[in-house]
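Open the structure in your viewer and keep the selection tool at hand. The tour moves from stop to stop.

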Amino acid sequence: MKRLQMIRKKEKEYHDDCYENLELFKPGSWLHKPVKTVMDLMCNFESLDTVNVLDLGSGVGRNSIPIAEILKHKEGKVVCIDLLESAITKLEEYSEKYGVSAKISPVLSDIADYMIPNDYFNLIFSVSSLEHLESEERFDDVIENMLYGTKKKGVNCIIISTGVRETRMDTGEHIEPMYELMFETTYLNEKLEKMYNNWKVLKHTVKPYEVEISRDGSRVLLESDE
Ligand SMILES: C[S@@+](CC[C@H](N)C(=O)[O-])C[C@H]1O[C@@H](n2cnc3c(N)ncnc32)[C@H](O)[C@@H]1O
């Protein structure tokens with residue numbers, strides 16, 4: 001099996017399992033809470049009557065559902081892209097449960113295949129998903145499309161892992177990370193600086209991140225910069 005297919009298979013197994021067995025907003029997993037950096041951005045749109053948001057790699061709506069709640073009394077929608085059926089199905093269920101299904105537009109698609117309309121979104125964000133695009137060329141195209149798809153005074157937020165390492169917790173063995181794109185931190189910083197050269201930077205941080213995950217039934221420590 002080619003590397004890309006193998007990574008996609010393992011990522012699918014991992015996420016299908018999470019989405020089936022972990023409850024959104026229940027303590028004890030990464031689905032517990034929305035990401036503060038993303039939620040903090042919503043104050044930028046308080047004065048607008050219509051707000052359109054795009055969540056690339058939305059999963060089950062950890063960030064999009066709270067955003068939809070904030071936007072409940074405005075026009076506009078939160079468009080949620082994910083390539084896994086398990087993510088989109090659960091997103092629809094949770095949107096119903098939390099009373100925001102009218103504000104959420106789920107789209108089953110690879111991020112790279114989704115045509116972002118020009119000059120349309122006030123906020124485009126992606127949490128831990130753009131590192132799963134199939135090539136650097138596709139990554140560059142997506143960022144270009146994000147730039148064109150964002151309205152004047154709009155915001156882009158990219159949270160992405162770089163410098164990724166995976167270690168089996170039982171043996172300490174380093175294993176090949178199951179990431180399609182393995183950017184080094186400095187390299188990606190410089191690339192994004194160039195691509196966003198005429199944009200105002202609201203926030204830029206690089207923080208160590210670690211999470212325990214499961215690979216082939218083994219406990220694996222995933223470490224990265226984020
Ligand atoms: C680590 S999860 C994060 C989900 C969500 N952003 C969050 O913060 O809860 C990554 C998600 O991105 C999705 N994903 C990965 N690669 C993708 C791609 N190329 N196109 C669309 N979705 C993708 C996965 O299916 C998964 O649901």
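Which residues of helix H6 (residues 185–195) are buried? Select the helix and find Thr 185, Leu 188, Lys 191, Leu 192 and Met 195: these are the buried ones. Buried means under 20% relative accessible area, exposed means over 50%, and partly exposed lies in between (1.4 Å probe, protein chains only). Helices (H or I, at least four residues) and strands (E, at least two) are DSSP runs, numbered from the N terminus.

Before going on, note that this is a predicted model: local features need pLDDT of at least 70, side-chain atom pairs count only at pLDDT 80 or more, and totals for chains, interfaces and linings use all residues. Residues are numbered from 1 along each chain as its sequence is written, and side-chain values use heavy atoms, with hydrogens and water left out.

**Stop 1: around H6**

Look down the axis of H6. An α-helix has 3.6 residues a turn, so residues three or four places apart point the same way.

Now turn to the face directed away from the buried side. Thr 186, Glu 193 and Lys 194 are exposed there. Next, show what covers the buried residues of H6. The cover includes helix H5 (136–149), strand S5 (150–159), strand S6 (162–168) and strand S9 (218–225).

**Stop 2: strand S9**

Stay with S9 and select Leu 222, which is found in this strand. Its relative accessibility is 5%, so Leu 222 counts as buried. Contact means heavy atoms within 4.5 Å. Leaving aside neighbours within four places in sequence, Leu 222 is in contact with Val 164, Arg 165, Glu 166, Tyr 179, Tyr 209, Glu 210, Val 211 and Ile 213. Draw a line from Leu 222 to Glu 210: they are 12 residues apart in sequence, and 5.5 Å separates them in space, C-alpha to C-alpha.

Ser 218 also has its place in S9. It is buried, with a relative accessible area of 15%. Beyond its neighbours within four places in sequence, Ser 218 is in contact with Arg 168 and Ile 213.

**Stop 3: the second largest pocket**

Select Tyr 14, Asp 17, Cys 18, Ile 213 and Ser 214. Of the 16 residues lining the second largest pocket, these lie nearest its centre. A pocket is found on a 1 Å grid over the protein atoms alone: it is an open set of points with protein on both sides within 12 Å along at least five of seven lines, and lining residues have an atom within 4 Å of a point.

How much space lies in the second largest pocket? About 260 Å³. Grid points are joined across faces, edges and corners, and the volume is the space filled by probe spheres set on them.

Colour the lining by element. Helix H1 (3–21), strand S8 (208–215) and S9 each supply at least two residues. H1 gives the largest share, 5 residues. Then colour by type: 5 residues are nonpolar, 4 polar and 7 charged. Here Ala, Val, Leu, Ile, Met, Phe, Trp, Tyr, Cys and Pro count as nonpolar, Asp, Glu, Lys and Arg as charged, and the others, Gly among them, as polar.

**Stop 4: the cores**

Select Val 38, Val 53, Ile 67, Val 78, Ile 104, Leu 123 and Phe 125. They have the most contacts inside the largest nonpolar core, which has 39 residues. Helix H4 (residues 85–97) supplies the largest share of this core, 4 residues. Apart from it lies another core, of 24 residues, among them Ile 124, Met 146, Ile 160 and Tyr 196. A nonpolar core is a set of buried Ala, Val, Leu, Ile, Met, Phe, Trp, Tyr and Cys residues joined through side-chain atoms within 4.5 Å.

Zoom in on Phe 125. Not counting residues up to four places away in sequence, Phe 125 touches residues including Val 38, Val 53, Ile 67 and Cys 157.

**Stop 5: two loops**

Select Phe 25, in the loop between H1 and helix H2 (36–40). Its phi is near 70°, a positive value in a residue other than glycine. Most residues other than glycine have a negative phi. Phe 25 is partly exposed, at 24% relative accessible area.

Finish at Asp 119, in the loop between strand S3 (104–108) and strand S4 (121–127). Its phi is also positive, near 50°. Asp 119 is partly exposed, with a relative accessible area of 46%.

Note on methods. 1 Å grid on protein atoms, 1.4 Å probe; cavity = no way out; pocket = protein on both sides within 12 Å on 5 of 7 lines; lining within 4 Å.
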